[in-house]
Amino acid sequence: MEQTIQIDFHDDKITVLVENGTPFIAVRPVAEAFGLVWSGQLRVIKKDEVLGTCVYQKYTQVGPQKRRMVFLPLNLFHGWLFTINPAKCRADRREKIIAYKRECYDVLNDYFRHGGAINPEATESQLIGLQSRIEYYQQFMPQADQGTESRVSGRDRVLLVRSYFRAHPRKPSELGGARQPDLWPVGGEGGVI
């Protein structure tokens, strides 16, 4: 089933396509909201080793006409935002991109150095979801002696983590991570990102 909704994005409207439960963000309206040249951003996306393999194009109703739109899956959308050069943005949007990039650096550091990052603005339901993941890992990962690393490492750890996410698929509201407001608030109406 396919659903198209409009959501607020820093006082602008952007299109989100939800197809089979997976949210995709229309990229061009976001690029234009930041004052970026769309053709340049499309080149950046297509050249990227990850983003370029996940571009989704579809004709979508925009107002009275159908327009070919380029979408990225929500889980990759934030990575694209991270590639934006603030010097190419509208002056009134630069600080938002710079603040976003700083937060991304902090999140990546916390993930790789401390095993995870937690948003201080996470909702109660997001924190409960994180706690259930921690409990799952504790149940299946052998406990290491105090002061030593877990005995599960390398490929075995990766397979265990992947098996968790396959066994516990996330709802669209959980796909964007905890560092943003809920895209699908209670009632299913569009939120903000």
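Visitor: Hi! What do the buried residues of α4 pack against?

Guide: They pack against α3 (74–83), where contact means heavy atoms within 4.5 Å. Helices here are DSSP runs of H or I with at least four residues, strands are runs of E with at least two, and both are numbered from the N terminus. This is a predicted model: local features need pLDDT of at least 70, side-chain atom pairs count only at pLDDT 80 or more, and totals for chains, interfaces and linings use all residues. Residues are numbered from 1 along each chain as its sequence is written, and side-chain values use heavy atoms, with hydrogens and water left out.

Visitor: Which residues of α4 are buried?

Guide: Ile 97, Tyr 100, Lys 101 and Cys 104; buried means under 20% relative accessible area, exposed over 50%, and partly exposed in between (1.4 Å probe, protein chains only). Seen down the axis of α4, the buried residues fall within an arc of 100 degrees, so they line one face of the helix. That arc is taken from the directions from the helix axis to the C-beta atoms.

Visitor: And which exposed residues are on the face turned away?

Guide: Glu 95, Arg 102, Tyr 105, Arg 113 and His 114.

Visitor: Switching to strands, how do β4 and β5 pair?

Guide: Strand β4 (residues 56–62) and strand β5 (residues 65–73) are antiparallel, with 7 bridges; pairing requires that DSSP finds at least two bridges between the strands. They form a hairpin with 2 residues between them, and Gly 63 in the turn has a positive phi of about 65 degrees.

Visitor: What is the bridge partner of Tyr 56 in β5?

Guide: Phe 71. Phe 71 is also the bridge partner of Ala 26.
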